[in-house]
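Please take a slow walk through the structure shown here, keeping the sequence beside it as you read.

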Amino acid sequence: MNTADRMKIPRQAMPEQEPQERSHNFQEVNLGLATEAARLEAERCLRCRNAKCVTGCPVGVNIPHFMEAVAEGDLNRAADILFESNVLPGITGRVCPQEIQCEAQCIRGKKSTSAAVGYLERFVADWARENRPDQLVPPPSTGKRVAVVGGGPAGLTCAGELAKKGHQVTVFEAMHKPGGVLVYGIPEFRLPKAIVDAEVDKLRRMGVRIVCDVVVGQTYTIRDLLDEEGFHAVFIANGAGLPIFQGIPGEQLKGVYSANEYLTRVNLMGAFRFPANDTPVIRAPQIAVVGGGNVAMDAVRTARRLGADPATLIYRRSREEMPARAEEVKHAEQEGVVFDMLCSPVEILGTEDGWVRAVRCQRMELGEPDASGRRSPVPIAGSEFEIPCQVFIEAIGTRANPLITQTTPELKTNKWGYIEIDANNMTSIPGVFAGGDIVRGAATVILAMGDGKRTAAAINTYLAK
Amino acid sequence: MFVIREAEWLAPQVRWLVVDAPRIAARHRPGHFVILRVVEDGERIPLTVARSDSQEGTITLVVQVVGATTDRLCRLEAGEAIANIAGPLGRPTQIENFGHVVLVGGGVGTAVIYPQALGLKACGNRITAVIGGRSKPYVILEEELGRTCDAVLPCTDDGSHGYHGFVTGKLQELIADTANPVHAVLTAGPVPMMRAVANVTRGPGIHTIASLNPIMVDGTGMCGGCRVQVGGKMMFACVHGPEFDAHQVNFDELSDRLTAYRDQEKVAWDHFREQADPGHICKLAVLQ
């Protein structure tokens, strides 16, 4: 097929559950491309020799080769190409912000729409999970033991990559279930937990040992892992830490949640199935969420599914500045989430018996660009108004988790408490590496995975010495 | 899975569980707690570790039946298992030589002061334990504390055992005894009791530490559900506590936040009992 023909093929649409229906259930929104649509989409790739898309991928998947294999219908080969660079493609195909990574670099995007790399990644990962037996040939053991602290995206990726090299890997997970943000944070309707479970099981079959209920920093210190438990290297990827609250009056009222707590109750603990599951979550007719990132979108769309009408998203800048993935914003809007932009909460108002009844906000306007390059919001005097709600959720970010650093004083941190690393992702303690949110602050799944992958390579080199 | 070695009733609706948890036992210090989940799909709840034995690899939990999860847990017998236990969590009690320390425990809060007594005694303190309960059967760990403390003073609301009245009445007597000054007070129990203890020691300016018991989910600082106001600042009990300067704690707020799930807790408990005891007629339902 020549380039002109490829350019004629329109971008294939992702089949979705109808917004009306899905705003009342927790099943996945995106249904996945059909085989023929996937093949057609793969033909849209121009097979650039100097493929920019690969540079946009934090784990460096060879996208043109992958696209070619899909177009030829050789899904086995496509899966091989994918797994070579990415141990969790079923997850990244669903949650990566492709529009600012691979797809942003796609040359097609300059003229029309980019090739839908994310849709195809998901398509091939799902096909492989259902249709092909493991291709995993365990490499000869190196006899080296590596402890991975945290079973989230960074930790799991690092574990998978190290297992490929024949190292004996143990992942220590603080919760009762591995997956980190993939299971406690990202909702079922965006990333079904069965997919996370399947990807984790694959790691187990690769020889990765996963031990839950171990809170490193408390159950073991980093020193214990090196000196007493006999690990040759440690990768710290314990993730995001304490949720930030805005510090406005009323945050101790009943019905105020951090997004982390709200999502953990619903996702990890299954509170949407209460009382079949024991963990409750407060259900309210009106819920407001403050924040503009993916976590805020997840929280507000979850609130919508638990019956909130309206479920309102409050953000202090405008739509254009929102850091959330474009698809999440679109989906939220389709599902009836009310967007209240250029608006900032100043106080949470309560009833006499201590429950949230409304949030008092002020209108903002955009002023000069701030340090992040985004135009900073400035309050408009006299613009205060109330948004009635009985649950108020704050999704404005997290601070560093202190559990490991406070019991490992020799671990160097920056002034915000995040762990400092060198060019090889090694911390101030020899043999101890770190990556993901505990290094970079709250970021995305794929950036954490990129850290996991790069650190695995660095650990591999370190262990060979 | 964490297998139960011993299960006994310590008081009405209060269970003593010795559980195999070697990793936790090896690291446990006074003041630490654990988060457990009894079964798959169960709730995560925080519980104090009353005792640990690193040789045996066991921890001891003292649990009062107050809802679905604790009811489920207290029905387990030796040989059965708890799905998940994570810990030890929280910061340990600050153990130092204060001189004369009074430990004030109410109900199952007495299980919190028991390891504190062991730690503080080993550090050379003289220890008086004031332990309260509704009536005699509800006063727990008196004998165990007696083996460590210099004095154990039980108190009951109905006068059926020891001092007739609240633990704070006894505490006031101790403070009034100027021949034996009290240098520090550590307290654990129901919020109204801890608030009352803090009020008693505030005037004389006695260093007082309270072990708080807010609602928690993960126990690792991730959710912020356990936030409490201490000295006007927001603290997370799971990673900054659970022990705080009692004179700085906003107990009214803690007490109110503990009621956030009262309705759901009742629903969950009814749901559990319908399954666990078919034919059970909930007395609460009849009363309504």
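Helix H15 of chain A is followed by A:Gly270, whose phi is positive, near 65°; helices (H or I, at least four residues) and strands (E, at least two) are DSSP runs, numbered from the N terminus. This is a predicted model, in which local features need pLDDT of at least 70 and side-chain atom pairs count only at pLDDT 80 or more, while totals for chains, interfaces and linings use all residues. Residues are numbered from 1 along each chain as its sequence is written, chains are lettered from A and ligands numbered from 1 in the order in which they are written, and side-chain values use heavy atoms, with hydrogens and water left out.

H15(A) covers residues 259-268, and because 10 of its 10 residues are buried, the helix is largely enclosed by the rest of the structure; here buried means under 20% relative accessible area, exposed over 50%, and partly exposed in between, with a 1.4 Å probe and protein chains only. Among the buried residues are A:Tyr262, A:Leu263 and A:Arg265. Their cover includes helix H16 (294-305) and strand E13 (391-394) of chain A, together with strand E14 (227-230) of chain B.

Three salt bridges are found across the interface of chain A and chain B, a salt bridge being a side-chain nitrogen of Lys or Arg within 4 Å of a carboxyl oxygen of Asp or Glu. B:Arg27 and A:Asp224 also meet through their side chains in a salt bridge, at 2.7 Å from N to O.

Within chain B, an open sheet of seven strands has the order E11-E10-E9-E8-E12-E13-E16, with mixed pairing; two strands pair if DSSP finds at least two bridges between them. At the edges lie strand E11 (163-164) and strand E16 (243-245) of chain B, each of which pairs on one side only. Strand E10 (residues 151-156) of chain B runs parallel to E11(B) and is joined to it by two bridges, with B:Thr156 opposite B:His164 in E11(B). Helix H5 (residues 167-176) of chain B packs on the sheet, touching E8, E9, E10, E11 and E12 of chain B, and its direction makes about 155° with that of E9(B); axes are lines fitted to C-alpha atoms, for helices over the stretch in contact, and angles run from 0 to 180 degrees between N-to-C directions.

A:Ile348 has A:Val359 in E10(A) as its bridge partner. Five residues lie between E9(A) and E10(A), and A:Gly354 in the turn has a positive phi of about 85°.

Finally, which bonds might one look for among the cysteines? A disulfide is a covalent bond between the sulfur atoms of two cysteines. The structure holds zero disulfides over all chains, where a disulfide is counted as a pair of cysteine sulfur atoms within 2.5 Å. The sulfur of A:Cys53 is 6.3 Å from the closest cysteine sulfur, in A:Cys45, and therefore too far for a bond.

Terms used. Contact means heavy atoms within 4.5 Å.
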